[in-house]
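I opened the model and kept notes as I went. Below is what I looked up, entry by entry.

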Amino acid sequence: MDMLVHSAIQPKTYIRVPPGQTIGRSKRLGRALLGSVLSPIYWLLAYCYRVPGLKFRRDCALLAFRLLCGRKKYISFAEMYRLLFWPLDSVRYFEFNFVWDALSHLSIRCYLDVSSPRLFPIMLTLKKDQVLAELMNPDAADLTPTADLAKALGLNRRCNIHSCLVGAAPFEPGSFDVVTSISVVEHIPEDKQAVRKMWELLRPGGRLLLTVPCAAEAREEYIDRNEYGLLEPNEDGFFFFQRYYDQKLLSENVFSITGEPSRYAVYGEKIVGTYRRNEQSKRSDPNYPAWREPYMMGQEYRYFDTVDDLPGIGVIAMEFVKAG
């Protein structure tokens, strides 16, 4: 249940997460079989809509086959199954596509990722065999599966994993050719300091790739559980979860440090409320059809010219080049 509270600064949404539900083994098996059949069908339907990120989705399936046929010591069958049939969700299709397009043609040696979903930095390191990657994530629950995937793919010598906040990054200024952070900055209360630190770690001529959720009017979300185990609750027992950036907030908290992006793209819901209904369904329904996600993106989302054009919630992906 969501409660909307208006403040003098920006609206705040308070989210109560429904109790988790479990399903029996036979139902899980039936769900897995259904997903196996429907996943490629929904992929083809999404292709008709020209949904971004389908090539990356295909590469994930090929990666799953590689793991099934080779080094599967560190990865469970369930993880490989998810990688094969539903590795991405929601706007990750758009975000991964934008960042991959920005970096795929570049020669990269020193690469830093700040807490992005593990598939992107792992895939980039795998595809570019000259890359030395540093992956940072303060979420302890996420470190082990990230390390396991890197080991399973033989990347552990080129992929170092750090359990720390970006403000405590153990690197010298100007250390990296590329820094990526996909859907992370919005979860950091002191977001401006985080962006400043990433910008500092980038060498002159290097590139920073950021994605954040956005809306025509900025807002913040609070949630009734400690999602990442890093923050203290407020007086009502809610934890800061994320913010949605409008053009003004982007200018104040990001562009004031980096300058205007060299390029950007905005992708969002066509009808107000679509995103929120989808998120509520994922939280409350253990049978949520994850394999439908790419088709859902094609049906319910599209590109917009600017953040101000969004009717509801979207995401902006941005590329910044640091001057020499």
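**Ground rules.** The model is predicted, so I take local features only at pLDDT of at least 70 and side-chain atom pairs only at pLDDT 80 or more, while totals for chains, interfaces and linings use all residues. Numbering runs from 1 along each chain as its sequence is written, and side-chain values use heavy atoms, with hydrogens and water left out.

**Salt bridges.** I count a side-chain nitrogen of Lys or Arg within 4 Å of a carboxyl oxygen of Asp or Glu. The structure holds 17. I looked up K12 and E220, whose side chains meet at 3.8 Å, N to O. This pair links distant parts of the chain: K12 sits in strand β2 (residues 12-15) and E220 in strand β8 (residues 219-223), 208 residues apart. Helices (H or I, at least four residues) and strands (E, at least two) are DSSP runs, numbered from the N terminus. Both K12 and E220 are buried. Buried means under 20% relative accessible area, exposed over 50%, partly exposed in between (1.4 Å probe, protein chains only).

**K282.** I then went to K282, which bridges to E279 with the closest N and O atoms 3.8 Å apart. Both lie in helix α9, three residues apart, about one turn of the helix. K282 also meets E293 in a salt bridge of 2.9 Å, N to O. That pair joins helix α9 to helix α10, eleven residues apart. Shared partners tie D89, E279, K282 and E293 into one network. K282 is partly exposed at 23% relative accessible area. E279 is buried at 19%, and E293 is buried at 1%.

**Helix α9.** Which residues of α9 (residues 274-284) are buried? I find T274, Y275, N278 and E279. They lie on the same side of α9, because they cover an arc of only 125° around the axis; the arc is that of the directions from the helix axis to the C-beta atoms. They pack against β9, β10, α10, β11 and β12. Contact means heavy atoms within 4.5 Å.

**E319.** I checked E319 in strand β12 (residues 313-321). E319 is buried, with 4% relative accessible area. Its side chain makes a 2.9 Å polar contact with that of R263. I use N or O pairs within 3.5 Å; within protein, one atom must be able to donate a hydrogen and the other to accept it, and residues adjacent in sequence count only if both atoms are side-chain atoms. Beyond neighbours within four places in sequence, E319 touches residues including F98, A102 and R207.
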